[in-house]
Amino acid sequence: MEATSGTEELVSGELVSVAHALSLPAESYSNDPDIEMAWAMRAMQHAEVYYKLISSVDPQFLKLTRVDDQIYSEFRENFEKLRIDVLDPEELKSESAKEKWRPFCLKFDGIVEDFNYGTLLRLDCSQGYTEENTIFAPRIQFFAIEIARNREGYNKAVYTSVQDKEEEKGADNGGEKGSDSVGEKEKEANKEISESGETAM
């Protein structure tokens, strides 16, 4: 038992060190591979939670932040014609795009926690998180695009695809639906949102 306790203390200590390192300003680091790995792991965890949410609950009803309405209205006011179903990386990463995105993002400094935190964003919203379909984006950019995708019905393709697969699986099991009902999935998704809070999203 003492060996387990020592291991738990070591892991706990490592987690505290990683958490502390991640809270320091980016200027404090050169390209430290351990820090980059910690950031990548956190971004991937966020992506997995989000994809699970939009697969389990009709995305049209998801609320990602306390200020979804403000984010959405500002986004569509500033990026009225931006195609969000399949993103063009140039519309997010080119110098001219960055000039347009910067003032939008800065509006949410102090409003959205960790508004400029690095997050993974899917290029084609009908697909999952793969190396070819993912880019790195500031958190507020992720929120703006994903809130719009949810409200405008683009993310419904993921939800529908997963639901269809589960119905097929249920039919293969003699007409029984999978062990999770839709109500149970919604409860689970809401629990994940409340446990992860805005920090995970």
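Guide: Helices (H or I, at least four residues) and strands (E, at least two) are DSSP runs, numbered from the N terminus. The model is a predicted one, in which local features need pLDDT of at least 70 and side-chain atom pairs count only at pLDDT 80 or more, while totals for chains, interfaces and linings use all residues. Residue numbers start from 1 along each chain as its sequence is written, and side-chain values rest on heavy atoms, with hydrogens and water left out.

Visitor: What do the side chains of Glu-146 and Arg-149 form?

Guide: Side chains of opposite charge can pair when their charged atoms come close. A salt bridge here is a side-chain nitrogen of Lys or Arg within 4 Å of a carboxyl oxygen of Asp or Glu, and Glu-146 and Arg-149 form one at 2.9 Å, N to O. Through shared partners, salt bridges join Arg-122, Glu-146 and Arg-149 into one network.

Visitor: Are Glu-146 and Arg-149 buried or exposed?

Guide: Buried means under 20% relative accessible area, exposed over 50%, and partly exposed in between (1.4 Å probe, protein chains only); both Glu-146 and Arg-149 are buried.

Visitor: How many salt bridges does a search of the whole structure find?

Guide: The search finds seven. One of them joins the side chains of Lys-156 and Asp-58 at 2.8 Å, N to O, and this pair links distant parts of the chain, since Lys-156 belongs to helix H7 (residues 156–172) and Asp-58 to the loop between helix H2 (33–56) and helix H3 (68–78), 98 residues apart. The two partners can also be read by accessibility, as Lys-156 is partly exposed at 33%, whereas Asp-58 is buried at 11%. A further salt bridge brings together the side chains of Arg-151 and Asp-69 (2.5 Å, N to O); Arg-151 sits in helix H6 and Asp-69 in helix H3, so this pair ties together parts that are 82 residues apart in sequence. Arg-151 is partly exposed, with a relative accessible area of 35%.

Visitor: At what angle do helix H5 and helix H6 pack?

Guide: Axes are lines fitted to C-alpha atoms, for helices over the stretch in contact, and angles run from 0 to 180 degrees between N-to-C directions. H5 (residues 95–106) and H6 (residues 139–151) pack at about 90°, and their axes are 10 Å apart. That makes the two helices, H5 and H6, roughly perpendicular, given that angles under 35 degrees count as roughly parallel, over 145 as roughly antiparallel, 65 to 115 as roughly perpendicular and the rest as oblique.

Visitor: Which residues of H5 and H6 meet?

Guide: Contact means heavy atoms within 4.5 Å, and by that rule Trp-101, Phe-104 and Cys-105 in H5 meet Ile-140, Gln-141, Ala-144 and Ile-145 in H6. The residues of this contact of H5 with H6 comprise six nonpolar, one polar and no charged, where Ala, Val, Leu, Ile, Met, Phe, Trp, Tyr, Cys and Pro count as nonpolar, Asp, Glu, Lys and Arg as charged, and the others, Gly among them, as polar. Gln-141 is buried, with a relative accessible area of 3%, and touches Leu-92 and Trp-101 when residues up to four places away in sequence are not counted.

Visitor: How do H2 and H6 pack?

Guide: H2 and H6 pack at about 10°, with their axes 13 Å apart, and are therefore roughly parallel to each other. In this contact His-46, Tyr-50 and Ile-54 of H2 meet Phe-142, Glu-146 and Asn-150 of H6, a set that divides into three nonpolar, two polar and one charged.

Visitor: Which way do the residues of S1 point?

Guide: In a regular strand the side chains alternate between the two faces of the sheet. In S1, Gly-118, Leu-120 and Arg-122 point one way and Thr-119 and Leu-121 the other way, and all are buried. Two strands pair if DSSP finds at least two bridges between them; five bridges join S1 to strand S2 (residues 134–138), and the two run antiparallel, with Thr-119 opposite Ala-137 in S2.
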